[in-house]
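Reader: I am new to this structure and would like a close look at one part of it, the nonpolar core. Please take me through that part and then through what surrounds it.

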Amino acid sequence: MKTFLIGFLIGIVLLPAGFIWYLRSGNAPVATSAPPLPLERFLVRTAMHATIDRHETPIQLTNVNQDSLVAGAQLYQQNCAVCHGTPGEPPTAIAKGMYPRPPQFFRPNARKMDDPASEVYWKVKNGIRLTGMPGFYASLNDGQIRDLSGLLVNAASLPPAVIGALKNAPAKVSEPAPPASKHAPSPHKTT
Amino acid sequence: MKKYLIVFIIGILLVPGAFYLYLLSGHAPVAVSASPLPFERFFARLAMHATIARELPKAEAGPPTDSDLVSGAQTYRQYCGVCHGFPNEQPTVISKGMYPHPPQFFHSRPLDSYDAARPYRPSDRKVYWKIKNGVRLTGMPGFSSSFSEQQLRQVSQFLGNARNLPPDAVAALEGNTRKPPQSTTVPKARQRPASRRK
């Protein structure tokens, strides 16, 4: 019985101790270009999907129309484009340098945006910790998060006006834009 | 002896197994507002500091010139401010939503006044390392493939002297077209790095 316990305890302690020793050694991947730990992606995806499945509330995106898409596009321009890209533009230096890489929603051969609306909504609202993805629950209201979600689930088939809004927010200032946020100027240069 | 080995193996498997089940359960913190796992910060800091200490560049970049600080400020404005903030401005919506929170280098405060008599500080090698390599699982990008060696150095020098910036660097940091301060509930405009060339 005593051997039992001792063997058991040593077994339990061994792995965490080895892990700490590894971290202390200075060999753990810290740079964004370092390769991931074994099983890292697998474990992280498992946790993310399990948690989102458990917490998400099913939402229906009703009333997705040109206006809501343009509104979503403007929000996207201001809050998302810096990491997730805009149509026809290469990924930003910021996006290229991050680990994990933020998915580029408008690259021609990008991963299809095939997440269901409820999941997109959950991610925009709550963010994903340890990825750089912010949660916008405190900054955007429910309607805005819905507009963004509507834009993203339709990312592959957007009308030209919406693409225009995605590429160039300042051009839209003249319109009585929905949840308007002034102009979205990129202060200097560009083009 | 055999019994011993079996319990030993069970013991080894127990912790990872329980951890995996925990992740599967859907209770793991995924939302940015969820509270961190026990020891998460401890482990993360341990690994980060150990690795950076090991890979620290040997030579420290010397103190900057005024024009280094101006260039550093321009680069900061384009690539860093969206998360790390500007003087006199509230943290952006993006930075407020992230976990971990990006440190706010200007604390939304006014800048300290410039003291021309005070010598500039050399750049911090750890800061340089972070700008160059990034910090995975935080959102901090590594700019090694986007910035030149000189830009990396200038940004780290700029940050090292953020409390004592000459007027030209302040102007570069603030940009020529200042946005009016914005309320925190309205999405920000200036959040996008202006330049896409590169």
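**The nonpolar core and its surroundings**

The largest nonpolar core holds 62 residues, and those with the most contacts inside it are Ala73(A), Tyr76(A) and Ala73(B). Helix 3 of chain A gives the most to this core, with six residues. The model is a predicted one.

Take Tyr76(A), one of the residues with the most contacts inside the core. Leaving aside residues up to four places away in sequence, Tyr76(A) touches Ala81(A), Leu148(A), Leu151(A) and Leu166(A). In soluble globular proteins, nonpolar side chains tend to be buried together.

Leu166(A) leads on to helix 8 of chain A, which spans residues 160-167 and has Val162(A), Ala165(A) and Leu166(A) as its buried residues. Viewed down the axis of helix 8 of chain A, these buried residues fall within an arc of 100°, so they line one face of the helix. An α-helix has 3.6 residues a turn, so residues three or four places apart point the same way. What the buried residues of helix 8 of chain A pack against is helix 3 of chain A, residues 66-79.

Chain A as a whole is divided into domain 1, residues 1-31, and domain 2, residues 66-172. Taken over C-alpha atoms, the centres of domain 1 of chain A and domain 2 of chain A are separated by 42 Å.

Chain B itself has eight helices and zero strands, and its elements run α-α-α-α-α-α-α-α from the N terminus on. Of the 198 residues in chain B, buried residues make up 41%. Among the contacts in chain B with a separation of 6 or more, 71% are accounted for by residues 24 or more positions apart.

Conventions:
Residues are numbered from 1 along each chain as its sequence is written. Chains are lettered from A and ligands numbered from 1 in the order in which they are written. This is a predicted model: local features need pLDDT of at least 70, side-chain atom pairs count only at pLDDT 80 or more; totals for chains, interfaces and linings use all residues. A residue is buried if 20 or more other C-beta atoms lie within 10 Å of its own, exposed if 12 or fewer, and partly exposed in between; C-beta atoms are placed from the backbone. Helices (H or I, at least four residues) and strands (E, at least two) are DSSP runs, numbered from the N terminus. The arc is that of the directions from the helix axis to the C-beta atoms. Two residues are in contact if their C-beta atoms, placed from the backbone, lie within 7 Å. A nonpolar core is a set of buried Ala, Val, Leu, Ile, Met, Phe, Trp, Tyr and Cys residues joined through C-beta atoms within 7 Å. Domain bounds come from an automatic or database domain assignment.
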